[in-house]
Amino acid sequence: MGVLSAALCLSWALVLVGTHPLGHGGHGNKTAGTWHHLGSEPPANSTELIQRCADEEGFDAVTLDEMGTMVFFKGSLVWKGFIGTPQPIEDSWPEIRGPVDAALRIHYHNHPDGLHDSVLLFQGKKVWAYHEGRLRLGYPKWIEQEFPGIPADLDAAVECHPKECPSETIVFFKAPNVFTYDLRTKAVKRRDWPAVSNCTAAVRWLERYYCFQGIRFLRFDPLRGDVPPHYPLDARDYFMRCPGRGHGRESRRNSTLWSTFNACSGRPFPAFSSDDPGRIYAFRGGHYFRVDSVRDGLHAWLLNHTWSGLEGEVDAAFSWADKLYFIQGSQVLIYRAEHGYSRVEGYPRPLVEELGVSQADAAFTCPHSSELFVIQGNRIQPIDLLQSPRRPGPSHLLPHPRVDSAICTTKGVFLFVGADFHQYPDVAQLATATIPAPAQNTAAVFFRCSPSGAPPHPPRGGQRPGDQPQ
């Protein structure tokens with residue numbers, strides 16, 4: 001599974017455009033329809049490419065910008081994406097002359113100066129704040145003015161979002177110290193994280209946190225500083241396109257495996273789930289996609305990367321009361337969503353004991369509702385989750401002989417059948433429908449795939465950049 005865990009690479013990183021059918025997303029992404037992490041590709045024998053791939057020192061700073069493109073700072077230059085040629089830093093941020101000490105994309109809706117969704121660049125004793133390439137009013141500022149208690153001449157910095165940290169937090173690195181800064185209370189705490197105390201750059205990507213130590217990197221827990229096994233890894237296998245390098249190349253030659261990891265393959269998803277905060281998951285082959293990751297791309301991840309101990313195919317999934325329920329065969333597992341997912345003690349347990357049904361082809365709850373709907377074959381049954389013991393109510397016949405998966409959002413109920421989905425305004429109209437709603441292609445609408453089943457701009461060359469770290 002080590003190879004499989006990184007098999008889907010950023011060549012398939014797509015952006016959702018317009019109003020998402022689920023009613024989530026829509027961040028005004030000006031690069032919609034493009035591949036965030038791919039730039040103009042240099043020739044394989046490019047002197048700049050060879051020098052970048054031969055560099056053992058790594059980066060000065062790494063961050064995602066406001067549009068979701070990963071940018072790498074080195075000296076007076078910046079690379080935008082995993083491939084492409086370098087540009088002078090001042091071409092994008094005119095007030096900055098390299099090198100940059102640290103960089104991050106801040107996430108703080110309630111900042112009094114409207115700093116949310118800005119790129120912060122740290123240099124010496126000062127910090128610059130940019131939005132869409134323009135310096136925000138009042139910047140640069142002294143670091144001690146903007147972040148009291150945080151030292152100057154930083155090594156790295158990364159933001160930690162709510163649900164992953166107790167509140168909006170920034171993690172600052174200055175060897176050998178690690179500091180966490182609460183953006184709301186301005187409280188500073190010094191952390192004893194020996195494994196990640198010497199970061200030369202750091203970045204948050206798809207709800208995961210990475211510390212670069214020269215050309216090598218590791219993934220760490222932003223609450224405890226824990227590092228999973230198998231790290232550190234070489235950034236040239238994951239964060240840049242280097243000839244002859246890259247993780248998971250063998251698995252990509254297997255068409256069956258690749259169709260599992262490729263959201264555009266047309267293969268059905270056995271389970272979908274959405275929750276009240278707006279996270280949307282699609283499950284297939286022991287992996288999942290975050291459908292709502294508009295700016296950071298769409299990627300397949302192993303289930304146990306997010307839900308420890310969860311493996312194999314998911315038959316159905318639904319969210320309720322800040323918990324995510326997974327149905328696998330005749331068993332159900334429950335994970336709490338607060339500050340990262342943790343499995344509820346005593347699970348898995350028999351599905352019939354938990355919900356009063358023996359199996360489920362699909363299951364969904366609607367936003368802010370305690371009523372669960374379970375689909376088996378061509379019938380749908382309600383279950384009151386507040387009831388004890390839980391027992392299914394009367395079933396209704398569906399206008400579909402079978403359903404692979406289902407979700408309910410503010411936009412209605414979505415039933416997924418094979419490569420297509422059918423949208424109904426609400427549960428009542430679904431329960432009384434006598435003919436299926438018009439079929440729409442899941443890959444095209446949800447993942448913005450081209451009619452050929454591939455991203456709009458296929459990558460050139462056999463080597464694919466940006467495989468995901470394990």
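Predicted model: local features only at pLDDT ≥ 70, side-chain atom pairs only at ≥ 80, totals over all residues.

Begin with Cys 199 and Cys 211. A disulfide joins these two residues, with an S to S distance of 2.1 Å. The torsion about the S-S bond is -115 degrees, and the link of Cys 199 and Cys 211 is left-handed. The pair ties together distant parts of the chain, 12 residues apart. Cys 199 sits in the loop between β13 (188–191) and β14 (201–205). Cys 211 belongs to strand β15 (residues 208–213). How accessible is each end? Cys 199 has a relative accessible area of 1%, so it falls under the 20% cut-off and is buried. Cys 211 counts as buried too, at 0% relative accessibility.

Next, go to Cys 366 and Cys 408. Their sulfur atoms lie 2.0 Å apart and form a disulfide. Is this link right-handed or left-handed? The torsion about the S-S bond of Cys 366 and Cys 408 is about 100 degrees, so the disulfide is right-handed.

One more link remains to be visited. Cys 160 and Cys 165 are joined by a disulfide, S to S 1.9 Å. The torsion about their S-S bond is about 95 degrees, so this disulfide is right-handed. Both ends are hidden: Cys 160 is buried, and Cys 165 is buried. In total, the structure holds 3 disulfides.

Now turn to the empty space inside. Rolling a probe the size of a water molecule over the atoms shows where such space is left. How many cavities of 30 Å³ or more are there? The count comes to 4. The largest cavity has a volume of about 60 Å³. Its lining includes Ala 263, Gly 266, Arg 267, Pro 268 and Phe 269. Phe 416, Gly 418, Ala 419, Thr 442 and Ala 443 also line the largest cavity. Arg 267 is among the lining residues and counts as charged. Gly 266 and Gly 418, also in the lining, count as polar.

Conventions:
Residues numbered from 1 in each chain as written. Heavy atoms only, no water. Disulfide = S-S within 2.5 Å. Buried < 20%, exposed > 50% of the residue type's maximum accessible area, 1.4 Å probe, protein only. Helix = DSSP H or I, 4+ residues; strand = E, 2+ residues; numbered from the N terminus. 1 Å grid on protein atoms, 1.4 Å probe; cavity = no way out; pocket = protein on both sides within 12 Å on 5 of 7 lines; lining within 4 Å. Points joined across faces, edges and corners; volume = space filled by probe spheres on them.
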